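Please have the sequence and the structure in view while I talk.

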Amino acid sequence: MSSMWILDEAPPAPDARIPYGPGTHHFGELRLPSGPGPHPVVVAIHGGFWRAKYDLAHLGHACAALTASGFATWSLEFRRVGHEGGGYPGTLEDVALGADFLRTLAESHPLDLSRVVFLGHSAGGHLALWLAARPRLPSGSSLYSQTPLRPLGVVSLAGVADVTRAYELGLSDNAAGQFLGGSPLEVPLRYQRASPAALQPLGVPQVLLHGSEDDTVPVAMSADFCSRGRAHGDEVRCVVLPGAGHFEVVDPRSREWAQVLDAVRSLL
């Protein structure tokens with residue numbers, strides 16, 4: 001069965017949609033498991049090649065399944081290419097603000113901030129890895145934060161782990177160039193500060209799951225990122241899913257979903 005149904009079928013409603021900032025796209029969807037908690041948390045970031053066309057709805061199926069398995073989920077919306085202020089640096093500023101807002105949420109919801117995992121799909125995998133890499137940013141960068149929320153680890157699902165390579169491959173009609181406003185030659189600093197591959201080692205464990213038949217983001221991107229991370233001393237592993245394409249990793253009805261759950265649990 002194709003996993004494309006997640007793009008068309010409305011997901012289960014979240015427990016709450018909560019703003020984390022002043023803008024229209026500054027909100028997240030919170031889902032809480034049953035029981036008193038405090039609950040481990042998955043900060044979830046949707047894909048769509050950073051473009052306004054794609055929102056957080058399709059990731060809601062995966063978030064609901066994670067919550068049913070005992071994890072609170074905080075799924076972030078953010079400005080994207082096509083929105084005023086979207087792209088670089090606004091998209092990165094938004095996901096950073098949204099992730100750090102978990103501290104505020106924990107004041108009124110039973111969330112265990114000592115057990116947080118970042119998870120993202122496709123371009124959201126890029127953003128999840130980048131969030132974990134924030135301590136690697138130079139202090140002079142506008143994206144630098146003194147106290148970024150630190151996860152126990154990151155799960156990247158068919159992630160765009162290397163934005164420079166994404167540009168070189170021309171993925172999704174030059175999505176990387178549109179996101180960063182130019183080529184690696186034109187805006188090299190943006191690629192250095194926005195690409196997880198340029199910020200390795202990330203310093204937290206990572207699990208990268210990727211379908212062997214993914215025709216949207218090539219599996220080699222995750223494999224190469226893992227090899228480079230290990231060479232830098234990171235605890236990182238790549239799980240290649242035989243026969244899987246791009247969306248099975250966020251389809252809770254897929255045979256691959258159990259491995260996504262295992263990856264999250266392995267980091268907590």
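Predicted model: local features only at pLDDT ≥ 70, side-chain atom pairs only at ≥ 80, totals over all residues.

Let me begin with Asp-173, which is exposed, with a relative accessible area of 67%; here exposed means over 50% relative accessible area, buried means under 20%, and partly exposed is in between, with a 1.4 Å probe and protein chains only. Residues are numbered from 1 along each chain as its sequence is written, and side-chain values use heavy atoms, with hydrogens and water left out.

Asp-173 is found in helix H6, residues 171–180, where helices are DSSP runs of H or I with at least four residues, strands are E runs of at least two, and both are numbered from the N terminus. The phi of Asp-173 is near 55°, a positive value in a residue other than glycine. Ala-158 also has a phi near 55°, again positive in a residue other than glycine, but Ala-158 counts as buried, at 0% relative accessibility, and is found in the loop between strand E6 (153–157) and helix H5 (163–169).

Turning to the prolines, the peptide bond from Tyr-88 to Pro-89 is cis, with omega near 0°, and Pro-89 lies in the loop between strand E4 (72–76) and H2.

How do the axes of helix H2 and helix H4 cross? The axes of H2 (residues 90–100) and H4 (residues 123–133) come within 10 Å and cross at roughly 65°, the axes being lines fitted to C-alpha atoms over the stretch in contact, with angles from 0 to 180 degrees between N-to-C directions. On the H2 side, the contact, meaning heavy atoms within 4.5 Å, is made by Thr-91, Leu-92, Val-95, Ala-96 and Ala-99, and on the H4 side by His-126, Leu-127, Trp-130 and Leu-131. H2 is mostly covered, with 9 of its 11 residues buried.

Finally, the largest nonpolar core has 57 residues, of which Trp-50, Trp-74, Leu-102, Phe-118 and Trp-130 touch the most other members; such a core is a set of buried Ala, Val, Leu, Ile, Met, Phe, Trp, Tyr and Cys residues joined through side-chain atoms within 4.5 Å. The largest share of this core, 8 residues, comes from H4. Apart from it lies another core, of 29 residues, among them Ala-158, Val-239, Val-249 and Val-260.
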